[in-house]
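User: I would like to learn how to read the features of a model such as this one. Please take me through it by question and reply.

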Amino acid sequence: MNVTSEYVEKNVNTHETKDILSVVKQASLAQERTPVIEALAAYSKVTRFHMPGHRGGRGADPIALSVLGEQSYLNDVTGVPGMDDLHEPHGCIKEAQDLAAQAFGADSTYFVVNGTSGAIQTMVLATLDDGDTVVIPRNIHKSILAAIILSGARPVFVLPCYDEYLGFALGVEEKSLLECLKGEGKDAKAVLLVNPTYYGTAVDLSSLASFAHSCGKVLLVDEAHGPHFRFHPALPKPALDSGADAAAQGAHKIIGAFTQASFLHVKGTRIDRARLKAAFQYLTTTSPSYLLMASLDAARRQMALYGKDLLDYAINLAGVLREGVNRIPGLYAFGDEVTGKPGVDFLDPTKVTITVRELGITGYQAEKFLRSKKGIQVEMSDLYNVLVIVSFGNSPQDITLLLDGLKSLVDAVHHGELPKDLLAAQKSIPALPPIPEMALSPRRAVESPWERIRLEEAGGRISSEVVTVYPPGIPILYPGEVITRETVAYLNIIKKLAFGISGPEDRTLTTLRVVKEM
Ligand SMILES: Cc1ncc(COP(=O)(O)O)c(C=O)c1O
């Protein structure tokens, strides 16, 4: 048995716990250490007369104790002497952040307790002022829009590549970015990219980083789905190693941290640290959860010490799944053949996108079937696909169950037990209208008084909301953009197709929220 499967057998599949702390205490290697966890262990015997009110669990409701665990209450402490201060780290948090910076190749790393959204908003507020321009892909996560609104910056959008068959956006091609940086985005202060995509495709950022830097721009990366990249050579090249100035990573999404726990890594001198610290403090609670920070500390340790072996294991499992899916008639899971297409230089093989469109059903139906009939929950679904994330926490049995579930799905479709909703929904999807002119910055648009008007009357008005249609998952309107007649015509067609719509308050698209004309 090799190291990987031994580790996984002991620590993952059987959930057997060993005395990790004794290992940690004897450790001589810095990356073996977990300073936040060590500080929590040292604090466990202290008699408490301070927040939180549950007093290490003794005051907690027994139901909560039994479900959430006594240890989690015991370790739910806050900023008391010896436990450091996330706003001014100088003790165990500083040590843990320094170890994370070392492991992730950053100059400084910040522990973020309000999601990758918080990390993104911090790096944006540290970089952009009201009125600054930032070049971003059109299909950003909503946390980036929130950051742009908070900062007052004006976005210049670049369209990502789009795969018609798979029905989702890939990365932005380097040549589109370079064109933009020489044209409309010439005066931009920063470029903010999302790399990898949710589906695990990624681009090589190296030459873009050099070009952006050569014209004085900062490169920020939403690397929410890439905290594991640095620890395995078969994974896409990480943002910081490609030259990015800052990268926001969702340690809770892919590696072992608790939900919400994220990293913000910064490298080089282009980002002013004093300003970054101020932005971090504006956005961060003064009572950060030590459970979240301890989980970041441990996730870093696990990646630094065992990342390569654990990821070998996850990549192998994902390979078994991908091959199994591709042997089931009617299903397709793309692999390395996508690399080299426009907008794809690398693929994270632990993301397995299962395309169900040949069955005539939607990805939403497949997700629902797997959940309701097989007790399997995938990461998400869209019109044509379900997305599965394979982690080193999965077992070979999980893969067998999923493959069995997928075979049952195909049988259910063939036996007429599942209606072919895709065939009904899939009229031809119209081409996206051109990117509209931005009349107001998103912040000005959302601050302005607004009114709700019928879609038919919206031509020429300024949107005060975002409208995204799936597929393609690329927003049609952002706040501040002028609604053209082409956009109205597009949305009128979309309304009649049963596609996913997100953003507008009125999901039926009968009305739109627009800036009031004064
Ligand atoms: C690409 C991307 N960026 C940012 C986020 C925000 O992450 P969080 O939910 O941790 O705030 C997500 C969430 O799924 C995401 O997919």
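User: In which sense do strand E13 and E15 pair, and over how many bridges?

Analyst: Strands of a sheet pair through backbone hydrogen bonds, either parallel or antiparallel. Here strand E13 (residues 351-355) and E15 pair in the antiparallel sense over five bridges. Within that pairing, Thr-355 stands opposite Asn-385 in E15. Two strands are said to pair if DSSP finds at least two bridges between them. Helices (H or I, at least four residues) and strands (E, at least two) are DSSP runs, numbered from the N terminus. This is a predicted model, in which local features need pLDDT of at least 70 and side-chain atom pairs count only at pLDDT 80 or more, while totals for chains, interfaces and linings use all residues. Residues are numbered from 1 along each chain as its sequence is written.

User: What is the order of the strands in the open sheet?

Analyst: The open sheet has four strands in the order E11-E13-E15-E14, with antiparallel pairing. Strand E11 (332-333) and E14 stand at the edges with a single partner strand each, so one side of each has no neighbour in the sheet. E11 is joined to E13 by two bridges, and the two strands run antiparallel; Tyr-332 has Thr-355 in E13 as its bridge partner. E14 and E15 form a hairpin with three residues between them.

User: How many of the five residues of strand E15 are buried?

Analyst: A residue is buried if 20 or more other C-beta atoms lie within 10 Å of its own, exposed if 12 or fewer, and partly exposed in between, with C-beta atoms placed from the backbone. In strand E15 (residues 385-389) four of the five residues are buried, so the strand is largely enclosed by the rest of the structure. Of the 518 residues of the protein chain, 47% count as buried.

User: Which residues of helix H10 are buried, and which are exposed on the other side?

Analyst: An α-helix has 3.6 residues a turn, so residues three or four places apart point the same way. In helix H10 (residues 206-214), Leu-208, Ala-209 and Ala-212 are buried. Seen down the axis of H10, these buried residues fall within an arc of 100 degrees (the arc of the directions from the helix axis to the C-beta atoms), so they line one face of the helix. On the other side of H10, Ser-210 and Ser-214 are exposed. The cover over the buried residues includes helix H9 (174-182), strand E6 (190-194) and strand E8 (218-222). After H10 comes Gly-216, with a positive phi near 75 degrees.

User: Which residues other than glycine have a positive phi, and where are the cis peptide bonds?

Analyst: Most residues other than glycine have a negative phi, and most peptide bonds are trans. Arg-55 has a positive phi of about 55 degrees, and Gln-260 one of about 90 degrees. Arg-55 lies in the loop between H3 and H4 and is partly exposed, with 15 other C-beta atoms within 10 Å. Gln-260 is in the loop between helix H11 (251-254) and strand E10 (262-266), and it counts as partly exposed with 19 C-beta neighbours inside 10 Å. The peptide bond from Met-51 to Pro-52 is cis, with omega near 0 degrees; Pro-52 belongs to the loop between helix H3 (35-43) and helix H4 (62-68). Another cis bond joins Tyr-470 and Pro-471, with omega about -20 degrees.

User: Which residues does Leu-359 touch?

Analyst: Two residues are in contact if their C-beta atoms, placed from the backbone, lie within 7 Å. Not counting residues up to four places away in sequence, Leu-359 touches Gly-330, Val-410 and Val-413. Leu-359 lies in the loop between E13 and helix H14 (363-374) and is buried, with 22 other C-beta atoms within 10 Å.
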